[in-house]
Amino acid sequence: MAGIYIHIPFCKRKCHYCNFYSLANQKNKKEFHKALLKEIFLQKEYLHNEKIESIYFGGGTPSLLSTIEIEEILNTIQKNFTINSDAEIDIEANPDDISKQVLKDYKNLGINRLSIGTQSFDDGILQSLNRIHTAKQSIDAVHLAQVEGFDNISIDLIYGIPGLSNDLWKKSIDIALSLNINHISAYHLTVEPNTALDVLIRKKKYPKPVDEEGIVHSQLLMHQLKKHGFEHYEISNYALPCKYSLHNTNYWRQKTYLGLGPSAHSFNLKSRQWNVASTVKYIEALENNRLAFEIENINATDQYNEFVMLGLRTQWGVDEKELSVKFGVEKLAFFKNNIQKYIQQSKVKYQNGIYRLTNNGKSFADGIASDLFYF
Ligand code: SF4
């Protein structure tokens, strides 16, 4: 089973923190769409006839596509791949793009999961991040989606934002919980180089996020969501039992996927490739029946490192038997030896052959994983 990711590189405007490849205009949208349909056809062999169990429209802002454009993309995928009858078909939608008609169209197209980019339920915080919508629009969008029959809804939240007090953050969590959704993705605000946020901070026009505040927010989130039955199944993702994002879970389980559109990544167990992060170059290549991507082969050590990093990020943890079967006793010994100190520091728990991060360890996930990398 495999997944397909489609990157839609257009936004109405750029959020200050964003470093995804996206343009703050919709120039070349028609040409991009035509190129995308061609890429689907040219890449039809990439997954070697594996059945597709998830299709994910991400970006950018996929909700800027018209219904006809989405329909043509799905029809072209259908013609060139074998799609599971109960495949998860997910679209990221910004609250300001959601209307009754749009939701009806999504339903008719077979879209069965919505990822709504709410980010915060405080208008001041939304404005400080240059988000285009209000908190009310987010709440209305979720309610409208529920009325239109969507029962698989995820929202995004960001914490660790300067000005987001613990009280304000708790209020956002309470609003999220009152929405009766089954999935929440929550990210610590990171200052990526050369984003507007980075520039504003360097010019001292915006305060620098304080790591310790983010840690408190993340602990508060873990506590509140656990109380309401959510599983913290991946470092940035919470779901009610079994309501995991199938598409993203497959990334973390190292399953194969095909990424389409500028900057999209693909993975087929042996190599990883990524499309050119330029809409103009992407269109130009496909107009000439070419694919514009770079590729790197994945060796056994890379696979081990990814296995450890992805395993530690999820509630399924790192299974020592699986590690040994996949990578051999030498890497298992290396792993066991190096993870001991984190067990002693109560950042990792070992139980029945599985290593998992504790709540305390989750705040240090990246550092712990990279310390366990094999070179
Ligand atoms: S809407 Fe999403 S992709 Fe677009 S600029 Fe904002 S964060 Fe980035």
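User: What should I know before I start reading residue numbers?
Analyst: Residues are numbered from 1 along each chain as its sequence is written, and side-chain values use heavy atoms, with hydrogens and water left out. The model is predicted, so local features need pLDDT of at least 70 and side-chain atom pairs count only at pLDDT 80 or more, while totals for chains, interfaces and linings use all residues.

User: OK. Which residues surround the ligand?
Analyst: The ligand is surrounded by Cys11, Arg13, Lys14, Cys15, Tyr17, Cys18, Gly59, Gly60, Thr61, Asn94 and Arg131. A residue is near a molecule if one of its heavy atoms lies within 4 Å of it.

User: How many of the shell residues are nonpolar, polar and charged?
Analyst: The shell has four nonpolar, four polar and three charged residues. Ala, Val, Leu, Ile, Met, Phe, Trp, Tyr, Cys and Pro count as nonpolar, Asp, Glu, Lys and Arg as charged, and the others, Gly among them, as polar.

User: What about the peptide bond from Gly59 to Gly60, cis or trans?
Analyst: That bond is cis, with omega near 25°. Most residues other than glycine have a negative phi, and most peptide bonds are trans.

User: And where is Gly60?
Analyst: Gly60 is in the loop between strand 2 and helix 2 (67-80). Helices (H or I, at least four residues) and strands (E, at least two) are DSSP runs, numbered from the N terminus.

User: Switching to rings. How many aromatic pairs are there?
Analyst: The structure holds 17 aromatic pairs. Rings of Phe, Tyr and Trp (its six-membered ring) pair if their centres lie within 6.5 Å; planes under 30 degrees apart count as stacked, over 60 as edge-to-face and the rest as tilted.

User: Why is the pair of Tyr5 and Tyr56 called stacked?
Analyst: The ring centres of Tyr5 and Tyr56 are 6.1 Å apart and the planes are at 20°, so the pair is stacked. Tyr5 lies in strand 1 (residues 2-8) and Tyr56 in strand 2 (residues 52-59), so the pair ties together parts that are 51 residues apart in sequence.

User: Is Tyr5 buried or exposed?
Analyst: Tyr5 counts as buried, at 13% relative accessibility. Tyr56 also counts as buried, at 8%. Buried means under 20% relative accessible area, exposed over 50%, and partly exposed in between (1.4 Å probe, protein chains only).

User: What kind of pair do Tyr244 and Trp316 form?
Analyst: Tyr244 and Trp316 form an edge-to-face pair, 5.4 Å centre to centre with 85° between the planes. Tyr244 lies in the loop between strand 8 (237-239) and helix 9 (246-252), and Trp316 in the loop between helix 11 (300-313) and strand 13 (318-319), so the pair ties together parts that are 72 residues apart in sequence. Tyr244 is partly exposed at 22%, and Trp316 is partly exposed at 26%.

User: Which residues form the aromatic cluster?
Analyst: Tyr304, Phe307, Phe327, Phe334 and Tyr374 form one cluster. The charged end of Lys331 sits over the ring of Tyr374, 4.8 Å from its centre. A charge sits over a ring if NZ of Lys or CZ of Arg is within 6 Å of the ring centre and within 35 degrees of the ring normal.

User: How many bridges join strand 14 to strand 15?
Analyst: Four bridges join strand 14 (residues 348-351) to strand 15 (residues 354-357). Lys349 stands opposite Arg356 in strand 15. Two bridges join strand 13 to strand 15, and Asp319 has Ile354 as its bridge partner in strand 15.

User: Last one: what does Leu260 touch?
Analyst: Leu260 is in strand 9 (residues 257-260) and is buried, with a relative accessible area of 0%. Not counting residues up to four places away in sequence, Leu260 touches Ile4, Tyr5, Ile6, His7, Leu36, Glu39, Ile40, Gln43 and Asn275. Contact means heavy atoms within 4.5 Å. Leu260 and Tyr5 are 255 residues apart in sequence and 6.1 Å apart in space, C-alpha to C-alpha.

Terms used
Pairing = 2+ DSSP bridges.
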